[in-house]
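Subject: Model for your review

Dear colleague,

Please find the structure below, with my notes after it. Have a look at the model before you read on.

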Amino acid sequence: MQQSTIAAIATAPGQAGISCVRISGPSAYRVAQEVFRPARAGRRLEDAKGYTALYGFFERRGRRMDEAVALCFRAPKSYTGEDVVELSVHGGEAVVRELLAACYEAGAAPAAAGEFTRRAFLNGRISLTQAEAVMEMIEATGADGARAAAAAMEGALYRRIQQVTGILTALAGHIAAYTDYPEEDVEELSAERLRQALETARKDLKELLDGYEGGSILRRGVRTAIVGSPNVGKSTLLNLMSGYEKAIVTPIAGTTRDVVEEDVSLGGTTLLLADTAGLRETDDPVEAEGIRRSNRKMEEANLILAVFDASQPLSPDDLALAARCRGRLAIAVFNKADLPPRADAAGVEDCFKRLVRISAREEGFSDALRGAILDLIAAEKPDPDAALLANERQRAAAARAKQALDDALDAAEAGFALDAVSVCVDDALDALYELTGENASDAVIDEVFSKFCVGK
Ligand SMILES: Nc1nc2c(c(=O)[nH]1)N(C=O)[C@@H](CNc1ccc(C(=O)N[C@@H](CCC(=O)O)C(=O)O)cc1)CN2
Ligand SMILES: Nc1nc2c(ncn2[C@@H]2O[C@H](COP(=O)(O)OP(=O)(O)OP(=O)(O)O)[C@@H](O)[C@H]2O)c(=O)[nH]1
Ligand SMILES: [Mg+2]
């Protein structure tokens, strides 16, 4: 248990209906009682039971500053596992800042970024992956991301990792008993059983790792690059999908130079749209830099919207672009369908997963394009309720564990002594315990919580 009592504003800055200061630690009630006076005579904050609320006033240096509500939690039944008091006042920036200052005067220390959640973790209330899920929830901008975060908070990933550590600890125990106490008549570990256990654990980890990219689609959104030759209507398409005139549109080829980004929501999934400079050979160094950025966006994209001008024959640049889309999650968008058709779509059809005709000048996001996008990403999107690796830290730890199991299988295959296998299994367990935080160094824990906001 921590000795200090910390306080921070737990609500977002700015004007709001109410704002809240959270106080956690052994002196939470002593601090709160200095700044909060119950309205009803005879009621005392120190006597309040957990999960009760009191109406009263925020007072500072004998002056009534605002109305307030105190929400009381008693250790260990609170978010942090410590005594917690939450004081809410009207949501003005000045009053809540003053409330926090008053808490400091009363002896509370400023909370570091993520310190409440860190205490919940250190007090054994949540695992490290669950703590990271709290962060994921705060960052989620789409319904899919929030659902994935809720599953992780509920322990989906933690339980999945526990399945793997369960297999491996049983195996390590068996190997240790067999090699350390041969006289004890421990059942021999057959090569087949050893291989099977290692394979099962490795398969579980491989599945988790394979789902990582898809998970980022749920959490952050689908990185969607709008690419194509100059003047085909890429910026017009971005504006159409965003619902407002975000990007400059002109009849002049080479209008867009910088990447223009806009997030749009499509059926619970966020599309991170990037409109890019038209691809062509150019001597203009400014345009050339724009085109370099277009290419980078295209490489990084989960989904490519390759735009063609349906009213013109396809150019060599168009054909080159189509060829680059082969094997990618890419949709051919034949734009300017309002004009007489002159492009031969059949020439590039087999480079794309879908082909749609639209007129980006017309109002409203075309159903055909929307349908094609939803269709393609549905196949890429993992089940948000499933166990998913949430960030690079988790991915790297899972990858280290899988590598150790690959090594263990190689050692077993090569007929090395069980000791050698056992070293690899221990390495895998170390990596997995670091993932869940059961055996994570202070440096790793610091790194995780430094990404949180103050008050969480
Ligand atoms: N006002 C408020 N709302 C909030 C939070 C909070 O801290 N304060 N939370 C966080 O920021 C989240 C809720 N998280 C919480 C997690 C555990 C406990 C808790 O008291 N657990 C006890 C009691 C459970 C029970 O009565 O059944 C326990 O597990 O022992 C409270 C909040 C979201 N909403
Ligand atoms: N007729 C017709 N014109 C369109 C359509 N979509 C875009 N345009 C026009 O085509 C021209 C170029 O549009 P932009 O959206 O700027 O094209 P772009 O692909 O972003 O061009 P760059 O930024 O130069 O690469 C503009 O004059 C648009 O009004 C369409 O569906 N039909
Ligand atoms: Mg443009």
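This is a predicted model: local features need pLDDT of at least 70, side-chain atom pairs count only at pLDDT 80 or more; totals for chains, interfaces and linings use all residues.

Residues are numbered from 1 along each chain as its sequence is written, and chains are lettered from A and ligands numbered from 1 in the order in which they are written.

Domains

The protein is divided into domain 1 (6-111), domain 2 (131-211 + 388-450) and domain 3 (218-380); the bounds come from an automatic or database domain assignment. Between the C-alpha centres of domain 1 and domain 3 the distance is 52 Å.

An unreviewed UniProt entry places a "binding site" at Ser 235 and Thr 256. These positions spread over 22 residues of sequence but cluster in space, with a largest C-alpha distance of 7.6 Å. UniProt positions are in the numbering used here, feature names are shortened, and annotations may be inferred rather than shown by experiment.

Ser 235 is in helix H9 (residues 234-242), and Thr 256 is in the loop between H9 and strand E9 (260-266). Helices (H or I, at least four residues) and strands (E, at least two) are DSSP runs, numbered from the N terminus. Ser 235 is buried because 25 other C-beta atoms lie within 10 Å; Thr 256 is buried too, with 23. The cut-offs are 20 or more other C-beta atoms within 10 Å for buried, 12 or fewer for exposed, and in between for partly exposed, with C-beta atoms placed from the backbone.

Neighbours within four places in sequence aside, the contacts of Ser 235 include Thr 256, Val 260 and Asp 275, and those of Thr 256 include Ser 235, Asp 275 and Gly 278. Contact means that the C-beta atoms, placed from the backbone, lie within 7 Å.

Ligand 2 is surrounded by 24 residues, the closest being Gly 233, Ser 235, Thr 236, Thr 256 and Gly 278; a residue counts as near if its C-beta atom, placed from the backbone, lies within 6 Å of the molecule. H9 gives the largest share of this shell, three residues. By type, the shell has eight nonpolar, 12 polar and four charged residues. Here Ala, Val, Leu, Ile, Met, Phe, Trp, Tyr, Cys and Pro are nonpolar, Asp, Glu, Lys and Arg charged, and the others, Gly among them, polar.

The other annotated site and H4

The unreviewed UniProt entry also has a "binding site" at Arg 22, Glu 86, Arg 125 and Lys 456. Arg 125 is in the loop between helix H3 (115-122) and H4, and is partly exposed, with 17 other C-beta atoms within 10 Å. Lys 456 follows helix H15 (442-450) and is buried, with 21. Leaving aside neighbours within four places in sequence, Lys 456 is in contact with residues including Val 134 and Ile 138.

Helix H4 (residues 128-139) has nine of its 12 residues buried, among them Val 134.

Backbone details

The peptide bond from Ala 75 to Pro 76 is cis, with omega near 0°; Pro 76 is in the loop between strand E5 (63-73) and strand E6 (84-91). Asn 231 has a positive phi of about 70° without being a glycine, and is in the loop between strand E8 (222-228) and H9.

Regards

Key. Two residues are in contact if their C-beta atoms, placed from the backbone, lie within 7 Å.
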